[in-house]
Amino acid sequence: MAAPRAFLRLGAREWNGRARAIHGPREPVTPDSNQKRRTLLQFLSDHFHDVQALREYLLQKQASRVNWKNRSFPNIQQKYGPDVTGALFILKQGGAVKFQDKEWIRPNERGRFPTEFLTFREVPVEAVDASGCAINYQGMSNLLPLKELRSLSLQRCPNVDDWCLSRLYLLANSLQELSLAGCPQVSERGLACLHHLQNLRRLDISDLPAVSHPGLTQILVEEMLPHCEVFGTDWTRGPKLEADCP
Amino acid sequence: MFRRVLRLGLTPGRPNRGLRTRRGGFILDWDAKVSDFKKKIECMLPGKQWGMPYDTSYLPPKQSDVVIIGGGILGLSVAFWLKKMESSRGAIRVLVVEQDHTEYLAVVDAPLVDLQFNPSGCLLLASEKNAATLESNVKMQRQEGAKVCLISPEQLQNKFPWINIEGVALASYGMEDEGWFDAWSLFQGLRRKVQSMGVLLYQGEVTRFITSSRQMETTSGEQVVLRRIHEVQVKMNNSLEYQPVECAVVINAAGAWSGQVAELAGIGKGLPGTLQGTKLPVEPRKRYVHLWHCPQGPGLETPLVADINGVYFRREGLGSNYLGGCSPTEEEEPDPTNLEVDHDFFQNKVWPHLVQRVPSFKTLKVQSNWAGYYDYNTFDQNGVVGPHPLVVNMYFATGFSGHGLQHAPGIGRAVAEMVLEGQFKTIDMSPFLFNRFYLGEKLQEYNIL
């Protein structure tokens with residue numbers, strides 16, 4: 001029957017521990033997105049107040065789930081310090097963490113991770129891989145106290161947007177590598193705030209659907225950060241030529 | 001039946017009262033209404049002349065609980081908060097009347113409103129004279145949680161090599177969550193949302209208020225005349241037809257024309273120096289905005305730069321375009337009766353200062369100009385919020401002299417709280433009340449762009 005499948009399509013699903021973008025009215029901003037195919041639930045909610053109220057309730061639940069994931073941990077921070085708190089936050093979301101002079105800590109397929117890092121004292125976090133995590137503006141507060149963070153990967157994070165990028169200036173002293181590939185909500189306006197990160201040496205801004213002119217944006221970002229190597233457009237693929245170009 | 005039961009469960013507030021009449025008490029001209037109704041019934045009976053009324057769906061409704069005069073960002077914001085804070089769905093009928101209506105095709109199930117927020121920050125420059133004011137402003141902003149910092153001229157030169165720091169003593173720079181956004185998309189998004197919440201938007205001009213007044217005595221024994229607005233007459237554009245709308249509350253969010261609307265309600269008609277004689281000191285002021293192209297100009301990291309003498313500019317898009325302008329001094333105020341752009345203004349007043357601050361702007365080329373109105377408060381350049389002391393059901397939400405857009409959500413909520421609950425709950429806006437014009441207490445706003 002069509003109705004249960006429409007319900008399935010409704011909410012944020014977690015496949016293999018990675019978060020998907022929230023569906024419904026909150027669609028990713030793409031410059032040329034045409035009318036998406038309407039689901040049965042969208043059709044019903046246009047015509048019945050009750051279905052609309054139910055849909056709004058379900059969307060609200062999704063949003064509160066994301067907010068719960070991005071909560072802060074004041075007790076852990078007090079007891080173990082900001083590095084361990086940041087690491088715990090990332091591991092709970094499904095990302096990976098590397099402490100200085102230690103190996104990468106990753107959660108396994110069932111979301112379990114080893115807890116020996118709780119015993120680390122004064123060992124700073126060096127690298128964070130938050131690919132595909134549901135980290136958002138609130139959750140960034142857990143990452144910003146990591147003053148020795150050298151590498152941050154925010155690939156394919158559905159809730160990272162321009163506002164989050166404007167908070168990254170606090171990591172300017174240490175951050176050398178940043179990857180934003182595949183984030184659906186990052187646009188060139190957020191990339192403009194990266195000029196604070198003067199120690200950045202590698203920046204990956206490939207595959208950003210919300211950036212209107214990827215080639216031009218890459219050139220402007222390269223001018224903005226002269227010491228940084230920017231990976232974005234694939235220059236080996238030539239410009240798209242029209243079929244009837246003389 | 002099912003739907004009503006479900007709605008009782010899902011929506012908050014009291015359940016629907018059903019057929020109980022909404023109003024009781026004083027209704028203007030009851031007898032005429034009864035005879036009108038009798039005439040309509042008579043023409044429906046068989047054998048009589050068919051004189052049923054024609055289609056009037058283009059006219060605003062005959063009654064509305066709240067009429068908001070002015071469909072700009074402030075008016076829509078007030079409408080939004082009134083609908084959000086109502087106790088049950090459909091409890092308050094809100095009507096927004098806007099004079100100038102450029103129709104925009106609404107998109108069904110449209111994607112989330114993209115405000116195009118540029119979090120590049122605002123850079124405010126100050127000379128020796130203003131450095132102390134800037135410092136105290138920044139201190140106050142930091143206390144409230146804003147992430148701004150003070151920069152010295154040397155640090156400024158390091159950060160932005162294209163700037164000329166001559167004459168700059170201090171600068172304030174917003175590090176986080178500060179920048180500019182697209183006002184038009186906010187406006188359109190708010191319009192859509194407000195329409196989906198059940199607010200009626202109509203085009204027309206308010207030409208008259210039907211009021212009643214009565215003498216009252218204050219606690220100190222003085223006689224005052226309190227007025228109450230009963231009807232708002234909305235005239236349709238390009239015709240003489242008008243619709244009287246009975247209302248309980250009127251909100252004056254008419255922007256640059258708030259002064260004229262207030263005069264219609266009798267505000268300011270009295271001996272000068274008395275409360276009756278205090279006019280609403282909001283008048284339209286024309287301001288120009290210029291868009292120019294400069295290929296060697298500052299790059300992607302350019303914040304919104306507000307120079308010492310009131311000239312400001314910011315980056316626009318990715319193609320080396322910049323947008324900016326300047327507020328003229330009192331003597332040079334342009335004529336507000338039309339929206340014609342004076343091109344010499346840019347040449348003589350704006351460009352020299354731009355070149356002095358950013359030398360690469362010497363080779364700029366102006367692409368376009370336009371003009372708009374500020375709802376300029378001649379008293380202290382700060383807004384008026386809240387009820388009028390004598391006209392008891394008129395509330396103001398105007399006079400912000402160019403800052404209305406950034407304050408709109410907060411003001412909307414404050415006015416909605418005032419209307420629904422009788423006092424300011426979240427933020428105390430009592431310094432912005434109308435009384436200060438009579439008492440002479442200025443709430444001066446210094447940073448007008």
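This note comments on selected features of chain B.

1. The model is predicted: local features need pLDDT of at least 70, side-chain atom pairs count only at pLDDT 80 or more, and totals for chains, interfaces and linings use all residues. Residues are numbered from 1 along each chain as its sequence is written, chains are lettered from A and ligands numbered from 1 in the order in which they are written, and side-chain values use heavy atoms, with hydrogens and water left out.

2. A search of the whole structure gives 15 salt bridges over all chains, a salt bridge being a side-chain nitrogen of Lys or Arg within 4 Å of a carboxyl oxygen of Asp or Glu.

3. B:Glu333 pairs with B:Arg285, the closest N and O atoms lying 3.1 Å apart. B:Arg285 belongs to strand β10 (residues 282-293) of chain B, and B:Glu333 to the loop between β13 (321-326) and α8 (343-357), 48 residues apart; strands (E, at least two residues) and helices (H or I, at least four) are DSSP runs, numbered from the N terminus. B:Arg285 counts as buried because its relative accessibility is 10%, where buried means under 20% relative accessible area, exposed over 50% and partly exposed in between (1.4 Å probe, protein chains only).

4. B:Arg287 also forms a salt bridge with B:Glu333, at 3.3 Å from N to O. These partners are 46 residues apart. B:Arg287 is buried, with a relative accessible area of 7%. Shared partners join B:Glu283, B:Arg285, B:Arg287 and B:Glu333 into one network.

5. A further salt bridge joins B:Asp65 and B:Arg93 (3.4 Å, N to O). B:Asp65 lies in strand β1 (residues 63-69) of chain B. B:Asp65 is partly exposed at 23% relative accessibility, and B:Arg93 is partly exposed at 31%.
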